[in-house]
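Colleague: I have the sequence and the coordinates open. Could you take me through what the model shows, one point at a time?

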Amino acid sequence: MPLKSLTINGFKSFADKTTIEFTTGITGIVGPNGSGKSNITEAIRWVMGEQSAKSLRGSHMPDIIFAGSALRPALNRAEVKLVFDNHDHALKTAQDVVEISRRLFRDGTSDFLLNHHNCRLRDISNLFLDSGLGKEAFAIISQGRVEQVFNSKPEDRRTIIEEAAGVFKFKQQKKQAEAELAVTNDNLNRIADIVSELG
Ligand code: ATP
């Protein structure tokens, strides 16, 4: 499931539409301090569903939109697009090329797109579950994250291991099934009450 390209438009320091193509081998991005290298990895985490403005070094989500500079005004919209080669179908979808996009406007409205169709954050999260990718996955290690893993509580570390082992997805599905079962049991109880009233 190689990453083919990343397009950033209006996200943090990337006021102009910028596309990074990832060819085979290793891609290294170098630049002086403050030139936007970390913003690139943050753009990747954001398009994969990051919901915490704090973990993107902001206080609220619109902080990720280009805020203006001495030479140009602020923008009203940020958009990030990630394209994967999915010929190996590591992402559980029939498409051979998977394109995900996320847009955010300054008024707070936002949307996700999966292969050009509007989708929910949950569809994006489900797509990456167990793939080794995703906003919480360890394919992306930001500065300070290694220490954070070492210093995390045992329960949190267990979640990390479960995600890596592929157990996490089943736990999520179990939780969802249990919630549905609880609703069904409530309905059954209600029907039993009605039946006893009628009898
Ligand atoms: P270092 O090597 O020091 O870690 P870096 O290359 O990783 O630096 P980043 O931290 O990615 O750099 O980029 C920081 C730059 O992004 C700063 O110049 C900051 O002003 C700019 N920046 C962050 N948010 C915005 C925004 N919303 N609008 C415009 N510029 C922004």
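## Loops, core and ligand shell

Modeller: R57 sits in the loop that runs between helix 1 and strand 3. Keep in mind that this is a predicted model.

Colleague: Is R57 buried, exposed or partly exposed?

Modeller: A residue needs 20 or more other C-beta atoms within 10 Å to be buried, and is exposed at 12 or fewer. R57 has 13 C-beta neighbours inside 10 Å, so it counts as partly exposed.

Colleague: What is the phi of R57?

Modeller: R57 is not a glycine, yet its phi is positive. The value is about 60°.

Colleague: Which element gives the most to the largest nonpolar core?

Modeller: That core has 23 residues, of which V47, I64, A78 and V80 touch the most other members. Two or more residues come from each of helix 1 (37–47), strand 3 (77–85), strand 4 (97–105) and helix 2 (121–128). The top contribution is 5 residues, and it comes from strand 3.

Colleague: What is I64 in contact with, leaving aside its neighbours within four places in sequence?

Modeller: I64 is among the core residues that touch the most other members. Leaving aside neighbours within four places in sequence, its contacts are F11, K12, W46, L56, G58, A78 and L104.

Colleague: Why are the buried residues of helix 2 on the same side of it?

Modeller: The buried residues of helix 2 are I124, L127 and F128. They lie on the same side of helix 2 because they cover an arc of only 90° around the axis. What covers them includes strand 4, strand 5 (110–114) and strand 6 (117–119).

Colleague: How many charged residues does the shell around the ligand have?

Modeller: There are 15 residues around the ligand, and N33, K37, S38, N39 and A67 come nearest. By class, the shell has 4 nonpolar and 8 polar residues, and the charged ones number 3.

Colleague: What distance separates the centres of domain 1 and domain 2?

Modeller: The protein is divided into domain 1 (3–152) and domain 2 (167–199). Taken over C-alpha atoms, their centres are separated by 38 Å.

Definitions and conventions. Residues are numbered from 1 along each chain as its sequence is written. This is a predicted model: local features need pLDDT of at least 70, side-chain atom pairs count only at pLDDT 80 or more; totals for chains, interfaces and linings use all residues. A residue is near a molecule or strand if its C-beta atom, placed from the backbone, lies within 6 Å of it. Ala, Val, Leu, Ile, Met, Phe, Trp, Tyr, Cys and Pro count as nonpolar, Asp, Glu, Lys and Arg as charged, and the others, Gly among them, as polar. A nonpolar core is a set of buried Ala, Val, Leu, Ile, Met, Phe, Trp, Tyr and Cys residues joined through C-beta atoms within 7 Å. Helices (H or I, at least four residues) and strands (E, at least two) are DSSP runs, numbered from the N terminus. Two residues are in contact if their C-beta atoms, placed from the backbone, lie within 7 Å. Domain bounds come from an automatic or database domain assignment. The arc is that of the directions from the helix axis to the C-beta atoms.
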